[in-house]
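Please prepare a short report on the aromatic, surface and backbone features of the model shown below.

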Amino acid sequence: MSDFYHRQIELWGEQTQQDLKNKKVAIIGCGGLGCSLGLTLGSSGIGEFHLVDFDKVEIHNIHRQLGFRKDDVGKYKCEALKKTLNSRSIDTVFKTYTCDFEEFSKSDIKVDLILDATDNLPTRKAIDEYAKKTSTPWIYASVEEFNGQVCFFEKSSFSTFNIQNKTPKGITPPIVSFIASLQANFALRYLADLTVKKDTLYYLYINNEGEFITQKFRMPS
């Protein structure tokens with residue numbers, strides 16, 4: 001283990017790395033964000049992942065959903081992602097659920113952190129309600145076109161957003177990886193017992209002049 005996680009152990013020591021083995025994370029959605037989250041966190045030493053997605057891989061997914069290959073088309077996303085993550089991990093357990101979040105939530109599985117990698121606001125609202133009910137922290141993320149948002153929800157409510165069924169517009173692959181990376185950094189800091197700024201919405205985008213802009217907003221309680 002010390003060889004595999006050498007650079008992380010240099011960062012925070014062997015005890016913290018050992019503690020990560022006892023952590024459990026749920027990734028809700030195994031598309032663009034879910035794949036990038038899995039690739040970033042799946043070989044970090046976190047002990048157990050619950051991968052939730054009822055959808056199957058389609059050919060148009062692959063350009064931005066980095067956990068899949070062309071021969072994964074037609075397979076359940078969570079199963080295909082599990083195969084990829086297993087090939088990169090040495091001691092992490094990956095469990096899959098070919099269902100929506102509502103059904104998964106009924107299983108009453110206890111995790112240390114929920115990572116939102118969905119693509120619709122009603123499901124995120126359901127995640128927030130479940131997280132509040134079970135006192136489980138969760139990190140929201142969304143991407144569209146050249147922009148994205150991330151927020152570690154604790155005391156604030158997702159109902160602040162205008163909840164509606166809205167289909168995302170086109171998406172560039174780099175913004176997916178970028179937003180997932182920020183979300184994964186918050187997740188790993190939290191699980192490693194490092195300070196994380198919560199209830200602050202980070203909005204990042206590339207404007208029409210190609211300039212990278214970052215903004216942050218304090219979410220109301």
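Predicted model: local features only at pLDDT ≥ 70, side-chain atom pairs only at ≥ 80, totals over all residues.

Residues are numbered from 1 along each chain as its sequence is written, and side-chain values use heavy atoms, with hydrogens and water left out.

**Aromatic contacts**

The whole structure contains 15 aromatic pairs (ring centres of Phe, Tyr or the six-membered ring of Trp within 6.5 Å; planes under 30 degrees apart are stacked, over 60 edge-to-face, the rest tilted). The pair F178 and F212 is edge-to-face, because the ring centres are 5.3 Å apart and the planes stand at 75°. It connects distant parts of the chain, since F178 belongs to helix 6 (residues 173–191) and F212 to strand 8 (residues 212–218), 34 residues apart. Helices (H or I, at least four residues) and strands (E, at least two) are DSSP runs numbered from the N terminus. One aromatic cluster is formed by Y97, F101, F104 and Y130. K56 lies over the face of Y76, at 5.0 Å from the ring centre (NZ of Lys or CZ of Arg within 6 Å of the centre and within 35 degrees of the ring normal).

**Surface patch**

F146 is in the loop between strand 5 (138–144) and strand 6 (147–153). In the table, buried means under 20% relative accessible area, exposed over 50%, and partly exposed in between (1.4 Å probe, protein chains only).

| Residue | Relative accessible area | Class |
|---|---|---|
| F178 | 40% | partly exposed |
| F212 | 42% | partly exposed |
| F146 | 45% | partly exposed |
| N61 | 3% | buried |
| D108 | 45% | partly exposed |
| S135 | 67% | exposed |

**A buried asparagine**

N61 is located in the loop between strand 2 (48–52) and helix 3 (77–86). A polar atom of its side chain lies 2.7 Å from the backbone nitrogen of E58.

**Positive phi angles**

Most residues other than glycine have a negative phi. D108, however, has a positive phi near 60°, and sits in the loop between helix 4 (101–105) and strand 4 (113–116). S135 has a positive phi of about 55°, in the loop between helix 5 (121–134) and strand 5.

Notes: Polar contact = N/O pair within 3.5 Å; in protein donor to acceptor, adjacent residues only side chain to side chain.
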